[in-house]
Amino acid sequence: MSDNSNRDGSLGRFRRAVLTGGGGFVGSYVAEQLLAAGVEVFCVDNFSTGHPSYVERLLDKPGFTLLEADVTEEFEVPGKVDLVLHLASPASIPEFARLPIETMLAGSAGTYRTLQLAHRHGARYVLASTSEIYGDPQQHPQSEEYWGNVNPIGARSVYDEAKRYAEAMTVAYGRKHGVSVGIARIFNSYGPLMRPDGRVISGFVAQAVEGLPLLIHGDGTQTRSPCFVEDTARGILAIAASGYQLPVNIGNTEEISVLDLARTIREIAESSSPIRHVGADEDDPRQRCPDIGRAKRELGWEPRVPLAEGLRRTVEAKRLERQSAETPVPTRRQSPQARGGQMHVISVVGCGYLGVTHAAGMAELGHEVIAIDIDAEKIKSLADGRVPFFEPGLDELVGRHLASGRLRFTGSYEEAAAADIHFICVGTPQRSDGSGADLRHLDAVVEQFGPHLDRECLVVGKSTVPVGTAARLATMLHAVAPAGDRVSVAWNPEFLSEGRAVADTLRPDRLVLGTPDARAERLLREVYAPIIDAGVPVVVADLPTAEVIKSAANSFMATKLSFINAISEFCEASGADIKVVTEALAYDARIGGKFFTSGLGFGGGCVPKDIRALLVRAGELGVAHALAFLAEVDAVNMRCRDRVVELLRKQCGGSFAGRRIAVLGAAFKPGTDDIRDSPALHVANVLHGEGGQVAVYDPRAMENARRAFPALGYEATLLEAVRGADVVALLTDWEEFALADPQRLAAAVGQCNIVDARHLLDADAWQRAGWTYLAPGRPGLQQRAMAVST
Ligand SMILES: NC(=O)c1ccc[n+]([C@@H]2O[C@H](COP(=O)([O-])OP(=O)(O)OC[C@H]3O[C@@H](n4cnc5c(N)ncnc54)[C@H](O)[C@@H]3O)[C@@H](O)[C@H]2O)c1
């Protein structure tokens, strides 16, 4: 194999390098090779995604200096430098989902600052770019001439576009200031030491060695071309040494499907772990394979370590790491994320949308988490890495922390009692008679869990509850727990929104800490230290205040929505157009456009029942008059459903009997499979009840809907649902519906009638395609439709 990269002569011209991201996986290998070649390394890393274990082997080496600093801000480099390597950036999907703005800044501000540094020192500069700049490629294999196919606003865009920007900035800066710049387009790298941070090989290796299911995103036919990390580092340094100015692919050409990769790793690890498929990642590239002609030609570089050998070395290293971790087991391993605060053993009681997300989020922050539920089937499924509901990014996070060992699921209160802090995340639904919140599940937790609490601990409620509940539960707990009043109760309401629960948990708008004393506040601050350090505001309150904050937040959002829906009713009577009214109001900074769309109103397992519970509680406290308007908020909301039914009736010629109606949407909102109090299913049931032949389609919630409403008709695709329909009812605003082609659908339906209950579609485009388009609060469209039909 011809390979003249990293010859002593070439790297030997450097004396001292600044290496950003040296506290990360690839950076640590780059540092190791530089030191071996006699180049001093000044490593700059803020350890946002890196880990002390990467630099441990370097700290004692002569010539290695570590500065903990953020490269997007000013940092000092004493002495002369002749090489700058910019690797600092979050680099895995969960990391850049957790740190979206930081990722963009590492590529933009970080690149700019490090280029300035190189300029000041007259140093050679190398940017670590990525094969992700090719996006989901339409050229295969990918050569450096290919410009890529990137979704600029998708889930991966913060990383892909930051790197594309970084490349553009590097080239522009090099041209303008005469800095010698190089760009390494790195393809998936793997190797020993790599932590399971959401990347495919480190995940599979950890899962196989731990005997956990190997979780494949999507069907596994997508391909990758993994490059052994020592080869990657050698490639980056070959670019540095060469003085070459154009981007160079650094990757292996051994292309393999993700499914075969999982099978190979399982075989090498001699593991009997099952292979499981979970939801596909958004914009996941179908193919990845570099054309490395340029690297061979210009640098004399090509990978040396074949995939099978690299995987063997990686699995072996993981096994050794596991053995040393097992003797003796430190239950409180220090994690990078928990650096700022103390790591805790936490239990999370209740494994629903809130509980599982909170449990996985706490593991992500570095804590050891025991999640408990009384539903044995649910626990088994979660322990196998299967999240029994859809929440974007959650199965990934759960899988990662099952693999990291920081998250486990149990049905035993006794086991959960080993924790110091217990988060209660059970449901607080509406009572069946409508008389406020049903707190039976909370009370049951106190009764069943309390007797196991035999030492000082903190119980933290996260569920939404009527004010006064926390104090009542504290009294109950003091009575049933052997530790008595050494069990404190705090309330830390959760504000996450389904469909974006992971991001909301790791990056909430604010944290509300309702605490009885300073100790409880300190513990909660320790739990959330990484979030607080990242600048998330903290509101500290007493228990009743914390309880009221949550109810008030939901009531305000409900009021805002019902306000605009009430105006929508008024528009219908007055001939105005609610869509235009809403747009104009949303531009007013005092009003804002968030949670401010009219249509079918709100639903779900929280907001409707929370406002009703608040109203009931206000009555109990003798201030029903103060919140009486909430009854009207509720009534306006429920009327939205009736108004949509009436629009549909109009399109069906006055009666639903025998009419075929395509119902698009079953989830209460997009991004979730939750159908609790779903406005879409409410409408579907009315149509069905009045003799309509309903065909429901939803991208995610079909199973739940079918289970709850077996009498409704269901179709597996959007096209099947609309086939032969007399009218299409668009009831949940999924992106799939927004992207539907009106002409294509027109060819499938019986009659081109649509009610867009969510104001999702472009009315003009649909009308041009021949549809009679109606939407609530837009009487002008109705008149236009009638004019056309007469
Ligand atoms: N590993 C791969 O497969 C791969 C593939 C393509 C590109 N890359 C690129 O290589 C580089 C290193 O990737 P990695 O796999 O070692 O990831 P990593 O997450 O292990 O390392 C990145 C390091 O950058 C640090 N960092 C992030 N933002 C920072 C900031 N603002 N200031 C200072 N330090 C910061 C992190 O703490 C971490 O130590 C990244 O630029 C990545 O985009 C890696």
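1. In this predicted model, an oxygen atom of the ligand is 2.4 Å from an N or O atom in the side chain of Tyr159, and a polar side-chain atom of Asp45 lies 2.5 Å from a ligand oxygen. The backbone takes part as well, with a polar atom of Ser89 placed 3.3 Å from an oxygen atom of the ligand; a polar contact here is a pair of N or O atoms within 3.5 Å.

2. Of the 820 Å² of accessible area that the ligand has on its own, the protein covers 97% (Shrake-Rupley method, 1.4 Å probe).

3. The shell around the ligand holds 30 residues, of which the closest are Asp45, Thr49, Tyr159, Ser189 and Arg199; a residue belongs to it if one of its heavy atoms lies within 4 Å of the ligand. By class, the shell divides into 13 nonpolar, 13 polar and 4 charged residues. Strand S5 gives the most, with 3 residues.

4. The axes of helix H5 (residues 100–107) and helix H6 (residues 109–121) come within 3 Å and cross at roughly 30°, and H5 and H6 are therefore roughly parallel to each other (angles under 35 degrees). Leu105, Ala106 and Gly107 of H5 meet Ala109, Gly110 and Thr111 of H6, where contact means heavy atoms within 4.5 Å.

5. On conventions, residues are numbered from 1 along each chain as its sequence is written, and side-chain values use heavy atoms, leaving out hydrogens and water. Local features need pLDDT of at least 70 and side-chain atom pairs count only at pLDDT 80 or more, whereas totals for chains, interfaces and linings use all residues.

Methods:
Axes fitted to C-alpha atoms, helices over the stretch in contact; angles between N-to-C directions. Helix = DSSP H or I, 4+ residues; strand = E, 2+ residues; numbered from the N terminus. Parallel < 35°, antiparallel > 145°, perpendicular 65-115°, else oblique. Polar contact = N/O pair within 3.5 Å; in protein donor to acceptor, adjacent residues only side chain to side chain. Nonpolar A, V, L, I, M, F, W, Y, C, P; charged D, E, K, R; others polar.
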